[in-house]
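I opened this notebook to record, entry by entry, what I looked up in the structure. The entries follow the order in which I worked.

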Amino acid sequence: MSTTTAELLKGAAELFPGEVVTSAHVRHLDLPAVPNSGSAAGAGKFALITLDNGFDHTKPTTFGPGSLANLDLAIDQVEKEAAEGTIVGVGITGKPFIFAVGADLKGVELLKNHDDALAIGKGGHEVFKRLSGLAVPTFAYYNGAAMGGGVEVGLHCSYRTVSKALPAFSLPEVFLGLVPGWGGCALLPNLIGAERAVSVIIENSLSQNRQLKGKQVFELGIADALFEGADFLEQSLIWTANVLKGDVKVERPEVDRGEAWDQAVAKGRVIADSKVHGAAPAAYRALDIIAAAKSGDLQAGFDAEDQALADLIMGGELRSGIYAFNLVQKRAKRPAGAPDKNLARPVTKVGVVGAGLMASQLALLFLRRLEVPVVLTDIDQARVDKGVGYVHAEIDKLLGKHRINQDKANRLKALVTGVLDKAEGFSDADFIIEAVFEEIGVKQQVFAEVEAVAPAHAILATNTSSLSITEMASKLKNPERVVGFHFFNPVAILPLLEIVRGEQTDDAALATAFAVARKLKKTAVLVKDAPAFVVNRILTRFMGEIQNVIDEGTPVEVAEKAVEPLGLPMSPLVLLELVGPAIGLHVSETLNRAFPDRFTVSENLAAVVKAGKRGFYVYDSGKPELDPEVAALLKQGDTVLTEEQTRDRVLDAVAQEIGLMLAEGVVAEAQDIDLCLITGAGWPFHLGGITPYLDREGVSQRVNGKPFLAQGLASVPA
Amino acid sequence: MPRTIRDVVFVDGVRTPFGKAGPKGIYHETRADDLVVKAIRELLRRNPELDPAKIDEVAIAATTQIGDQGLTLGRTAGILAGLPQSVPGYSIDRMCAGALTAVTATAGSIAFGAYDAVIAGGVEHMGRHPMGEGVDPNPRFVSEKLVDESALFMGMTAENLHDRYPTITKQRADEYAVRSQEKAAKAYANGKIQQDLVPISVRNTNAEVGETGWGLVTADEPMRPGTTLDNLAGLKTPFRTHGRVTAGNAAGLNDGATASILASEDFARENNLPVKMRLVSYAYVGVEPEVMGYGPIPATEKALAKAGLSIEDINLFEINEAFAVQVLAFLEHYGIADDDARVNQYGGAIAYGHPLASSGVRLMTQLARQFEEQPEVRYGLTTMCVGFGMGATVIWENPHHKDAGGDK
């Protein structure tokens, strides 16, 4: 006996009592007479379904089981009316600014078994596909943000219009670790061809969840008509009347079902490989369904979507993806341990000590985000001029790209100055950051000079990546105002900012640092004053262990390949090249001094640095190959590990280090470690940073005797 | 520098369907500025030959310039409608004659040569902005007896007008109202009105009012086709016990917006814009505020005199039906029959509604359609009474008439 859709959804709704239920209002209207047609007769009675969760646009409309049941009931009504011939068409649209943003992730997190997960997939399909089976044509009006299931409900309609004002349209499922499983994988390639469907489902999703704008939705052929936001619904309904009267013919280009389809899927696999390196299954499952959709058998596609959804919902990558999504969307906005924000002092002028590249980049960032005077100082006029010149040149670049207008460029240029005399530059600064040479004596000297001329309330911030904040502040009259403010390179791109509290840092200084970070649009994480803080400590331990394995005798390529299944943004040695071997060596020396039992200093790395090499690889053939000169420098032992052995050793080391960091209280919780790795090192969502992966793979249990995260946080709940 | 006065023409006009003000009205959840923005956009869509960058002014009237009717609506509506930033705008208030004043003020500027083409219109959302919202009349009005207290209440001024014209009975007013409803229903049946309406999407979140979600308004809400004298006979006279003015023989409280394009005739011809009416003259006159409904009479006298015309030259009348008595007073003054076929051929505000500052352009749009159908008519007029004792009249020439543009 088969279960009805209503029963299926009722069962699912019981699993999700906290759902914000979306209503599906059915309202009837007279389609307008077609203007200037000479006829006053309208195109007939029309049923318009409005998806609305009853909140304003700050709480977008989603689909949980209760919401799907409501839509199912609405479709019952219009199906009957369509069959009886009392309506000529059915439309579906959203509340102001929002169409619908897809499945309610909170409900997905609660699913505990494969059958329930399957029910969610089937439930969505069973409801949505009714829209394509009505006795009258159906129209989706994408009036505002449409994502995932929101996009998919429209794909089941006969026609679609889209607003030029629509800011975000996407199928983000693969980004989170799912597939577009309510018809997206099967319908989209059949509508716009495999190549475009792959770009939307795979490429956009894996490019930091890139969103389409209304105009692109139309240009891709997803929507049949594009109207401006001001009277989008009116124009959509007039267009509908024209379509129903036959005055407008909707023509869509023929979908190429030949070789182009296979090539598009193959290209999708290349994109997926380059982004996740086979490490996360979602993109590949989506591509399998797209490949099969070539036959045009939609029901087979829908069934495959159901299976893929259920498998992925019960798998770890999705849970990690949602966990990571929640970290970035929610935890990042409320940093754990940050003091009361009312303690923050206003920052109306910023000083930057140093005018080198890093200092200049910081000056630019403060200038653009705070729009207050920024003054650079350095030891000679030439350096100061160079720093100010860099900032001016970057402002001109922004102007050239039309990111800012001439007035804004004038304003920003007028705000940045450079002086030699710190007293002149900093006497009225509220926030002074140093980015001078990484040497404790130099930094102490700089802060002493600054303190002598800066106002008593000014925050003294340091961009040190490895030195002790407490030590740096120790010789000052007011050490309580010193804060670590550690950015990640490239400063303009990586969101993470490690805010380091020294032993004497007070709440006002810390609150000011968090307030500034927020204005800088950075993801701030509170970190204890511990060697190399979070990201550099974990990366150094990780790379150090790889280096150890190589030094002991495992071939470079084996060591590199060993961590490929993690799907990191780049291999360890390529990362080392990006950081610079000399800096990598320096950090490992620092950590070796702090923790000599766990952090080694590689003689091979030292040799590479000494030889003046910038990296391990040469790219003459277009692909990275071990530089023969580097190969000649390497002195390896005779312990050769397999990829698996290498991976275990590296992951064990990482798990041990994170365990120790949490025990030391470097950050509040494991979640902060993951937030740092995602936003500061670009570690992928499907790993959830790293601790969900270590838990899932049993590494945490093996090394520390317990998982990092409670069951259900980034895994299927108990 | 020598100047030539330029002819000004009415190119086109549109309006939103009018709604009933209040929580059950179709526009209860719709902003006033959105109404006028959508009217402007429809106007531009209908006239693609008009390059929006060539619009020299956007004059939008509203009586209560607060909230979504404030913020210099002419400017903000222009931006919201997607006009180029270079197109300026301003707001106008002459209560009920707001849109009419927007038309004549910009027309004067066109004639003077300051503008070539403009958008003029009005909006009133009496649900969001009830009459009298935020008013603070100077106490001297009463203490020095500058006006009678009844001057502030339009229904009372209508009762006062009945006093002035004792022959205009409640019966005559009701008969007039029934005819207005009949004529409006007939105009709808013949598709005369719908062609100049802008469909408006409306949201309803209150299940007690009706179906919830988004809907579309394509027709006027206030109309009561089939109204009979019996229906009207028993209605209350809220402004005076045993009075004559009822909800049935007056316009209601309404929401709606209008917009029109005016241009110099040369500009219109050069840009292949339609020429629907040619402006002949206009006049505003003040009268005793207690009988503001009398206003159209002296205003029309003045406008006719300026045009060198007499009332016999006018063969189509669009008189705003704020109150039946005010139309009847006008007709009585000029010796025109209550049911004269030249008057309000499509019915009037008693049927369609009267969203104060928007109504002037509705009169023009309807007169323009009548000119098109009746090329034998050379002159028509649009006239209205205005709060605080004023009258406003604009005289138009029918460009479809064989002698149009020539000497009288």
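**Entry 1. Terms and conventions.** I took helices (H or I, at least four residues) and strands (E, at least two) as DSSP runs, numbered from the N terminus. The model is predicted, so I noted that local features need pLDDT of at least 70 and side-chain atom pairs count only at pLDDT 80 or more, while totals for chains, interfaces and linings use all residues. Residues are numbered from 1 along each chain as its sequence is written, and chains are lettered from A and ligands numbered from 1 in the order in which they are written.

**Entry 2. The annotated active site.** I looked up the "active site" annotation in UniProt, an unreviewed entry, and found that it covers Cys96(B), His354(B) and Cys385(B). These three span 290 residues in sequence, yet no two of their C-alpha atoms are more than 11.9 Å apart, so they gather at one spot. I kept in mind that UniProt positions are given in the numbering used here, that feature names are shortened, and that annotations may be inferred rather than shown by experiment.

**Entry 3. Cys96(B).** I located Cys96(B) in the loop between strand S4 (89-92) and helix H3 (98-112) of chain B. Is Cys96(B) buried or exposed? Cys96(B) counts as buried because it has 31 C-beta neighbours inside 10 Å. For this term, a residue is buried if 20 or more other C-beta atoms lie within 10 Å of its own, exposed if 12 or fewer, and partly exposed in between, with C-beta atoms placed from the backbone. I then listed contacts (C-beta atoms, placed from the backbone, within 7 Å). Leaving aside neighbours within four places in sequence, the contacts of Cys96(B) include Asn320(B), Leu356(B), Ser359(B) and Cys385(B).

**Entry 4. Cys385(B).** I found Cys385(B) in strand S11 (residues 379-386) of chain B. Cys385(B) counts as buried, with 32 C-beta neighbours inside 10 Å. Not counting residues up to four places away in sequence, Cys385(B) touches Cys96(B), Met292(B) and Gln326(B), among others.

**Entry 5. Where the chains meet.** I recorded that the contact takes 18 residues from chain B and 22 residues from chain A. On the side of chain B that touches chain A, helix H1 (32-46), strand S6 (200-204) and strand S7 (213-217) of chain B each supply at least two residues. The largest share, 4 residues, comes from S7(B).

**Entry 6. Two helices of chain A.** I examined helix H8 (residues 194-206) and helix H12 (residues 282-292) of chain A, which pack at an angle of about 170° with their axes 11 Å apart. Axes are lines fitted to C-alpha atoms, for helices over the stretch in contact, and angles run from 0 to 180 degrees between N-to-C directions. H8(A) and H12(A) are therefore roughly antiparallel to each other; angles under 35 degrees count as roughly parallel, over 145 as roughly antiparallel, 65 to 115 as roughly perpendicular and the rest as oblique. Among the residues that meet are Ile201(A) and Leu206(A) in H8(A), and Leu287(A) and Ile290(A) in H12(A).

**Entry 7. Thr377(A).** I placed Thr377(A) in strand S11 (residues 374-377) of chain A. Thr377(A) has 28 C-beta neighbours inside 10 Å and counts as buried. Thr377(A) and Val419(A) are 42 residues apart in sequence and 5.2 Å apart in space, C-alpha to C-alpha. Val419(A) is also one of the residues that Thr377(A) touches, including Val353(A) and Lys422(A).

Note on methods
Contact = placed C-beta atoms within 7 Å.
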